[in-house]
Amino acid sequence: MDEPRSKVADDPSAVTDIDTVPVGLCMLSEELRFLRINETMAEFHGYTAAEHLGRSVSEVVPDLEPVARRLMKQVIDTGMPLGPFEIAGETPTDTGIQRFWMECWSPVTDERGEIVGASVASVEITERKRIEREKEEALRLTERRLMQQTAIAELGQLALQDVSLQTILEKAVELAAKALHVPLTKVLAFEDAADKLKLVAGVGWNDGLVGIASVGTEKDSQAGYTLMAKELVVVDDLRTEQRFSGPELLRLHGVISGMSVTIAGSDGRPYGVIGIHAVETCTFDKGDRDFLQSLAAIISTAVRQQAAKLHSSLLIREMSHRAGNMLQLVSSIAAQTFRHAVDPLAAKKAFDHRLSSLARANHAIAQQGWVNTRLQKVVEETLAPFTGKIRMNGRDVLLPPELCFDLGLVLNELCTNSIKYGSLGAADGVVDLSWRIDGPEDGSRLTVIWHDPVTAHTTISSTSSSTGFGTKLIRQLVESKWHGTISVEQHAYYRMTLALPIPTSTTAAPDP
């Protein structure tokens, strides 16, 4: 069946040379076949004008066929022009690149006045749309940066006020969620048990998790990896992440992208980690990364301020308390050392040795303000005279200062014993000292192991018949004062194991 003829098609004088017009022009039949087209429109579609004639829209520009069919129906049903309006599509020569046109559609009639198709005028506006998008993106970016700067200022002002650290943490995660447009934010802090990070503040997590949930500090978790990396960590897609695996907390909430950075604490130890997470693939630019690091820095300052306030308060009380205790302890050591001494010179030497150890332990703890103290620092200071002869192995645990001080005295007595009967009395002798935190099934416990390969030690234990002052001091401190236990093995070596319950405020830094 022949195509219906239109007035325009029959009368060449009704159309100018459409190839000279810098606008895309074409004529479509009701069946969406190209009856006429100029070179400008043909270039839009990626074909020549001749290649269009007689072919349908679905053959030439298939992605525009549904839109063209809808518009043709409107033209025929209403008999009225349509437009101008925007149309978006892709062309064979620009695969995957979307292009935009501004079009007007008008009805085409035959000699009987019946609508048989439509004429289309089109102007490509792809470049204009690109510029508009860039302007919109620039505006969004400006608004995003303004929101982030405002958030930093707001949190900074709050941190200067006399408010609790928890209030600052909760405000930080709230501002991070808004300024970075993410559904999940969190602050993780070291738990009392020393080897986990607790979710102490957060936005978007399931009910009941904040304040309860925790994650490990192992390097295969994002938080643990962040602590080890000591720099901001960006996750593009957790599903394909190779550096670490996401903990159950993140998988449970469908996390895909995110960032995390360490929050510095006092004494060079990390307080924890701040992180933000999205459930879709996101890209975080330098401004976003700088913003999160700024929040971490403000929180870190607040952590240090809180520690300084606590330090000051405790130090004043402790100085008064310690002065009396120290005099009493020195008096007791002197009395016990000299009471039954046969050799005054030997007794004086033992007293001086114990007094020096006491002074070193006290100095190490006083340097840290008589607050929770690094056991490794106290051990190193107390055993300084034996540097190179005692191999130490243990996590950098924080313990109450009184416990650290007493452990320093215990270790000094073990050294004295080893000088008399064990490895430290030999020029090339070496002793191993290790410690760890166990639990928390029935409360955390500190286990300290003193291993001397020489077997000539005198036995120091809760069942020992020895009445020496060193033996009494160790038993009194470990068993009576701290309600701990002492066990001794003496076969081809000498090993003493001390197990002491510790308060729940003890913490530990991540392994290096």
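Tutor: The account below starts with the conventions, turns to the requested part, and then places that part within the chain.

This is a predicted model, in which local features need pLDDT of at least 70 and side-chain atom pairs count only at pLDDT 80 or more, while totals for chains, interfaces and linings use all residues. Residues are numbered from 1 along each chain as its sequence is written, and side-chain values use heavy atoms, with hydrogens and water left out.

The structure contains 4 cavities of 30 Å³ or more. A cavity here is a set of points on a 1 Å grid over the protein atoms alone where a 1.4 Å probe fits but cannot get out, and a lining residue has an atom within 4 Å of a point. The volume of the largest cavity is about 160 Å³, a volume being the space filled by probe spheres set on the points, which are joined across faces, edges and corners. Its lining has 17 residues, of which H45, L64, A68, E103 and W105 are the closest to the centre. By class, the lining of the largest cavity comprises 14 nonpolar residues, 2 polar and 1 charged (nonpolar: Ala, Val, Leu, Ile, Met, Phe, Trp, Tyr, Cys and Pro; charged: Asp, Glu, Lys and Arg; polar: the others, Gly among them).

At least two lining residues of the largest cavity come from each of strand 1 (24-29), helix 2 (39-45), helix 5 (65-78), strand 4 (99-109) and strand 5 (115-124). Helices (H or I, at least four residues) and strands (E, at least two) are DSSP runs numbered from the N terminus.

The antiparallel pairing of strand 4 with strand 5 extends over 9 bridges. Within that pairing, W105 stands opposite V120 in strand 5; W105 is also among the residues closest to the centre of the largest cavity.

Contact means heavy atoms within 4.5 Å.

Helix 6 (residues 126-160) includes Q148. Q148 counts as buried, because its relative accessibility is 2% (buried is under 20% relative accessible area, exposed over 50%, partly exposed in between, with a 1.4 Å probe and protein chains only). Leaving aside residues up to four places away in sequence, Q148 touches A179, L180, G287, D288 and F291.

L32 is found in the loop between strand 1 and strand 2 (34-37). L32 has a positive phi of about 65 degrees although it is not a glycine, and at 2% relative accessibility L32 counts as buried. In strand 3 (residues 82-89) lies P84, and the peptide bond from G83 to P84 is cis, with omega near 0 degrees.

A further positive phi, of about 55 degrees, is found at H181, which is not a glycine either. H181 lies in the loop between helix 7 (165-180) and strand 6, and its relative accessibility of 52% places H181 in the exposed class. Strand 6 (residues 184-190) pairs with strand 11 in the antiparallel sense over 6 bridges, and A189 stands opposite G272 in strand 11. Strand 10 (residues 257-264) also runs antiparallel to strand 11, joined to it by 8 bridges. Of the 9 residues of strand 11 (residues 270-278), 8 are buried, so strand 11 is largely enclosed by the rest of the structure.

For the whole protein, the secondary structure comes to 14 helices and 18 strands, and 44% of the 512 residues count as buried. Among contacts between residues at least 6 apart in sequence, 57% join residues at least 24 apart.

Notes
On a 1 Å grid over the protein atoms alone, a cavity is a set of points where a 1.4 Å probe fits but cannot get out, and a pocket is an open set with protein on both sides within 12 Å along at least five of seven lines; lining residues have an atom within 4 Å of a point. Two strands pair if DSSP finds at least two bridges between them.
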